[in-house]
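Visitor: I have a chain open and want to go through how its parts sit against each other. Can we start with the terms?

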Amino acid sequence: MYEGEARTDETRTARTRETIMSTAKLILEGKEYELPVIEGTEQERAIDCTKLRDTTGYITYDPSYANTGSCRSQLTYIDGEKGILRYRGYPIEDLAGKVRYTTAAYLLIHGELPTREQAIEWRRQLTQNSLIHESMINFFDQFPVTAHPMNILASMVSAMSSFYPYDAEDEEHVYRNVVRLIGQVKTIAAFAYRKSRGEPVIYPRMGYSYPANFLRMMFASPAEDYRVPKVLEEALRVLLIVHLDHEQNCSTSTVRMVGSSLANIYAAVSSGVNALWGRLHGGANQAVIEMLQRIQTDGGDYKKYVAMAKDKNSGFRLMGFGHRVYKNFDPRATILKKACDDVLGTLGINDPLLDIARHLEDTALHDDFFVERKLYPNVDFYSGILYRAIGIPTDMFTVMFAMGRMPGWIAHWLEMRNDPETRIHRPRQIYVGPTVRTSAGRRAVD
Ligand code: CMC
């Protein structure tokens, strides 16, 4: 059915044995401890601290988890030093170059690329499950016109659990909800847009690819025929694939965190949507275009903004620059930069924001501040230019990211759910507040 059936204790022990390489010695207060060192299939190494507190009384301190491996995962591999990104072993350049978005989504969820028949059946299931519950359509009318589409998306995904309750013990049930979420996210996104413009919604149709169905729901009119422009369908395919997954990022870790409490899939994934919304994460794609527009309005003086980004007192950062993991180029940005040139060239669009973006990138890449800190354009730097060319409004950009990321979140949720090592996620802390005090002597005033 799908990858990741529950593993037995036996498999767990075998896997643990397989990946333990050696031990690390730790000396604390004169006492020596040995901690297992585990190694992944790409030779990434980690000191296994799972028994650290039990044996030593110490915990690890790693705010924002930059050095913490929170799980073992078979989904996505990133080498941030070399600019490598692979889904299930397949390089992003390979997948973005030729496969359908739904095929790459299948790969993530099921573990292998589909056969032709499996791919057809998967697409049929996704389209068949893309209609949202009719009662939910009324919800869109209750949001104020100023509501951000990310808020609408998170609310609607969360609301799905009221309409599609399921038995978490029943694999068929779980699978149906997986398909439903991937199928419906594009419908929710498109309906949010149509409703915000006071336009009638357009329902999804069989016979269209995932990106084409979305574009039709966004831009068709019930009064006339609409042919999905091939160049836009192709641009969206690439965008959705580069956003599919990115291992343990903020929103994915949120999905795993919420899911680890055994909250339902909709609760976990809607939390991921909310985490993605922030400007340091997926919200950066909206912030990039707003920054480029600001520079344009300011006479195009991009050097002034590079200087501001270097000034720590300005509170300004170059949006779409920098990454926690990539310390070389972000391969997704390379793919999207080329797609921008191709799509805008084919459509004959001369977007002044693209010129500003190119100047900004060039200036930053030759500036010591950015070079020393290894700050390169990330996936969000060029994606907005493409979304603009497709006709997507700026406040919908992060929704597009969420749409692409949906199968990734779900694949992680499934992996987490089926991993016998999973326990409720519960970090510890180093308490630095007051030591014990007493209120004796203080008279109550209320
Ligand atoms: N502009 C200027 N300086 C920056 C930037 C930037 N965009 N990013 C990092 N720096 C500096 C930062 O000030 C710090 O300098 P110093 O060492 O002198 O204090 C150094 O680089 C390291 O930054 P950091 O904040 O410790 O790095 P981080 O790993 O915690 O944050 C980041 C990563 C992506 C949040 C950050 O680079 C950033 O804020 N970028 C802009 C927002 C953005 O584009 N986000 C999208 C990320 S990719 C897609 C996604 O995750 O959804």
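Guide: Buried area is the accessible area, taken with a 1.4 Å probe, that two parts lose on being put together, summed over both. Note that this is a predicted model.

Visitor: Fine. What does the domain assignment give for the chain?

Guide: The assignment gives domain 1, residues 4-79, and domain 2, residues 84-241. Taken over C-alpha atoms, the centres of domain 1 and domain 2 are 36 Å apart.

Visitor: And what area do domain 1 and domain 2 bury between them?

Guide: About 630 Å², with 46% of that on carbon and sulfur atoms. In terms of residues, seven from domain 1 are in contact with six from domain 2.

Visitor: How many salt bridges are counted between domain 1 and domain 2?

Guide: One salt bridge is counted between the two domains. There are also four residue pairs in polar contact between domain 1 and domain 2, both residues at pLDDT 80 or more. On the side of domain 1 that touches domain 2, three residues are nonpolar, two are polar and two are charged.

Visitor: Which side chain meets Glu42 in a salt bridge?

Guide: That of Arg86, at 2.8 Å from N to O.

Visitor: Switching to strands. What order do the three strands of the open sheet take?

Guide: The order is S4-S5-S6, with antiparallel pairing. Strand S4 (76-79) and strand S6 (90-91) are the edges, each pairing on one side only.

Visitor: How many bridges are there between S4 and S5?

Guide: Four, in the antiparallel sense, with S5 covering residues 84-87. Asp79 has Ile84 in S5 as its bridge partner.

Technical notes
Residues numbered from 1 in each chain as written. Predicted model: local features only at pLDDT ≥ 70, side-chain atom pairs only at ≥ 80, totals over all residues. Heavy atoms only, no water. Domains from an automatic or database assignment. Contact = heavy atoms within 4.5 Å. Salt bridge = Lys/Arg side-chain N within 4 Å of Asp/Glu carboxyl O. Polar contact = N/O pair within 3.5 Å; in protein donor to acceptor, adjacent residues only side chain to side chain. Nonpolar A, V, L, I, M, F, W, Y, C, P; charged D, E, K, R; others polar. Pairing = 2+ DSSP bridges. Helix = DSSP H or I, 4+ residues; strand = E, 2+ residues; numbered from the N terminus.
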